[in-house]
Amino acid sequence: MMLAIPAIDLREGKVVQLVGGDYANEAVRLDNPVEVAREWVRAGFTRLHCVDLDAATGRGTNHAVIRTLLDDDEALFQVGGGIRTADRVQALLEAGAAFVVVGTRAIEETDWMVEIADAHPGQIIVAADVRERKITTRGWVKDTNRHVVDFVEEFSPLPLAGFLVTAVHREGLMGGTDMRLMEDVAEASAHSVFASGGISSLGELRALDDIGIAGAVLGMALYTGALDPRAVAEEFGR
């Protein structure tokens, strides 16, 4: 059964949701990340996805907030956003992260990704943020010519915990995710695939489950109430 995973996107110490990956278009801002995490746990979710948006874009960090979230120990956390050193990966795992999500440096420096995956087998998720099937990096601001399916096929031999594929062009819009993209990536991958970006209905979650997606990261739809958290957690929380 696929796992639904609420997103906790951190900006300036707050939980936010951005529309279309646009930092100038912030639709949600909540003051207490720990309480937000506890709310999702109370609703029945068992894993949370935490992203440091400031670190991802070079605006600063939310390291202290993330450590507080990990100390709370209410759920399993996968943590990403601007993680570009082996020391940071190690620090997050030692602080209690179940998985570390790496993106930009892993994509730009293959040798580093191989090194990190080999050092922490089964604990590294590689994030592939995608616009029209091409990978984008550095907090969604730098486009590349790398096709996401080719990328996933190339790095499937590594001992990864999975690939996180975000349809950036659908992010925060609640118009549905890129289902064909997710299906193609799931077919190409030897590892679990986590889908993100635009997911907005239970029907979509069931469709993602049907095509073999291991997990769905949910943001705007949960924070705005378009999806009933308890209904989602009951069906996809464990």
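Author: The largest nonpolar core has 72 residues. Ile8, Phe77, Val102, Val148, Phe151 and Leu218 have the most contacts inside it. The model is predicted: local features need pLDDT of at least 70, side-chain atom pairs count only at pLDDT 80 or more, and totals for chains, interfaces and linings use all residues. Residues are numbered from 1 along each chain as its sequence is written, and side-chain values use heavy atoms, with hydrogens and water left out.

Reader: What makes a set of residues a nonpolar core?

Author: Its members are buried Ala, Val, Leu, Ile, Met, Phe, Trp, Tyr and Cys residues, joined through side-chain atoms within 4.5 Å. A second, separate core of 12 residues includes Ile5, Val101, Phe194 and Val217.

Reader: Why is histidine 49 called buried?

Author: Its relative accessibility is 6%. Buried means under 20% relative accessible area, exposed over 50%, partly exposed in between (1.4 Å probe, protein chains only). So histidine 49 counts as buried.

Reader: Which residues is histidine 49 in contact with?

Author: Leaving aside neighbours within four places in sequence, they include Ile5, Gln78, Val101 and Val217. Contact means heavy atoms within 4.5 Å.

Reader: Why is helix α1 called oblique to helix α11?

Author: The axes of α1 (residues 33-43) and α11 (residues 229-236) come within 8 Å and cross at roughly 60 degrees. Angles under 35 degrees count as roughly parallel, over 145 as roughly antiparallel, 65 to 115 as roughly perpendicular and the rest as oblique. Therefore α1 is oblique to α11. Axes are lines fitted to C-alpha atoms, for helices over the stretch in contact, and angles run from 0 to 180 degrees between N-to-C directions. Helices are DSSP runs (H or I, at least four residues), numbered from the N terminus.

Key
Helix = DSSP H or I, 4+ residues; strand = E, 2+ residues; numbered from the N terminus.
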